[in-house]
Amino acid sequence: GTVVTTADAVQSCTRILLDNAVEARTRAVDAANGLALLEPVTRIAPPGVARFGSQVPRLQSEVAVAGYSYGGKLNAPSMTFGVLEELRGLQGETGVKRLSLNALPGDAGGPVLDEGGNVIGMLLSRPEGDRRLPQDVSFALAGGVIADVLRAAGLRVDQADETAALAPEDITERGLGMTVLVTCWE
């Protein structure tokens with residue numbers, strides 16, 4: 001039941017809830033990669049778990065992100081579909097993937113799935129500052145980086161390499177099954 005989210009989502013929290021019901025604590029923070037691991041105080045059994053793909057994703061392949069686009073106003077996560085544009089960041093950063101998809105702030109921390117339903121990353125928050133990127137430019141922390149952080153924390157990483165493209169409804173089912181709403185109380 002360990003939850004992966006963005007570090008900025010929990011950086012100033014005094015209380016963290018999963019799906020508005022289950023207390024969680026921060027297990028680890030990898031500030032360099034913008035990642036936080038949360039652990040529920042009581043055990044939970046999610047309907048799905050992340051299975052990380054070990055193959056290098058194909059450029060221009062379709063991807064999907066499961067997230068709470070509207071900050072929990074809907075009773076379930078929503079899916080946003082897009083395209084994997086680049087395997088690096090705009091300045092050549094490894095460990096980051098550039099996506100073309102119209103994500104909203106509530107989607108940050110959600111899993112990025114490939115066409116086979118494998119997790120290939122986690123959607124990062126939009127960069128802030130003076131420079132504004134086009135609306136459809138998003139970034140994901142690479143799945144390999146997430147897997148390394150999970151292993152360093154002593155957690156098991158499930159891998160699967162479904163190569164056959166799944167129907168959008170099957171990808172949606174996988175994404176929704178592993179996505180929880182993270183709420184921060186200051």
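**Salt bridges, a helix and a pocket**

Colleague: How many salt bridges does the structure hold?

Modeller: The model is a predicted one. A salt bridge here requires a side-chain nitrogen of Lys or Arg within 4 Å of a carboxyl oxygen of Asp or Glu. The number of salt bridges in the structure is 6.

Colleague: Which strands does the salt bridge between Arg-27 and Glu-39 tie together?

Modeller: The two side chains meet with N and O at 2.8 Å. The partners are 12 residues apart in sequence, so the pair ties together separate parts, Arg-27 being in strand S3 and Glu-39 in strand S4. The strands asked for are S3 and S4.

Colleague: Is Glu-39 buried or exposed?

Modeller: Buried means under 20% relative accessible area. Glu-39 has a relative accessible area of 18%, so Glu-39 is buried.

Colleague: Which residues are linked with Arg-27 in a network of salt bridges?

Modeller: The bridge between Arg-27 and Glu-39 belongs to a network of salt bridges. The residues linked there with Arg-27 are Glu-39 and Arg-25.

Colleague: How many residues apart are Glu-115 and Arg-58?

Modeller: Glu-115 and Arg-58 form a salt bridge, with their closest N and O atoms 2.9 Å apart. Glu-115 is in the loop between strands S8 and S9, whereas Arg-58 is in the loop between S4 and S5. This pair links distant parts of the chain, and the separation is 57 residues.

Colleague: In which helix do Arg-151 and Asp-148 lie?

Modeller: The side chains of Arg-151 and Asp-148 meet in a salt bridge at 3.5 Å, N to O. An α-helix has 3.6 residues a turn, so residues three or four places apart point the same way. Arg-151 and Asp-148 are 3 residues apart, about one turn, and both lie in helix H1.

Colleague: Which strands are among those that cover the buried residues of H1?

Modeller: The buried residues of H1 are Gly-143, Val-145, Ile-146, Ala-147, Val-149 and Leu-150. Their cover includes strands S1, S3, S4, S9 and S10.

Colleague: How many charged residues are in the lining of the second largest pocket?

Modeller: The second largest pocket holds about 250 Å³ of space. It is lined by 15 residues, and those closest to its centre are Val-56, Pro-57, Arg-58, Asp-114 and Glu-162. By class, the lining has 3 nonpolar and 7 polar residues, and the charged residues number 5.

Technical notes
Residues are numbered from 1 along each chain as its sequence is written. This is a predicted model: local features need pLDDT of at least 70, side-chain atom pairs count only at pLDDT 80 or more; totals for chains, interfaces and linings use all residues. Side-chain values use heavy atoms; hydrogens and water are left out. Buried means under 20% relative accessible area, exposed over 50%, partly exposed in between (1.4 Å probe, protein chains only). Helices (H or I, at least four residues) and strands (E, at least two) are DSSP runs, numbered from the N terminus. Contact means heavy atoms within 4.5 Å. On a 1 Å grid over the protein atoms alone, a cavity is a set of points where a 1.4 Å probe fits but cannot get out, and a pocket is an open set with protein on both sides within 12 Å along at least five of seven lines; lining residues have an atom within 4 Å of a point. Grid points are joined across faces, edges and corners, and a volume is the space filled by probe spheres set on the points. Ala, Val, Leu, Ile, Met, Phe, Trp, Tyr, Cys and Pro count as nonpolar, Asp, Glu, Lys and Arg as charged, and the others, Gly among them, as polar.
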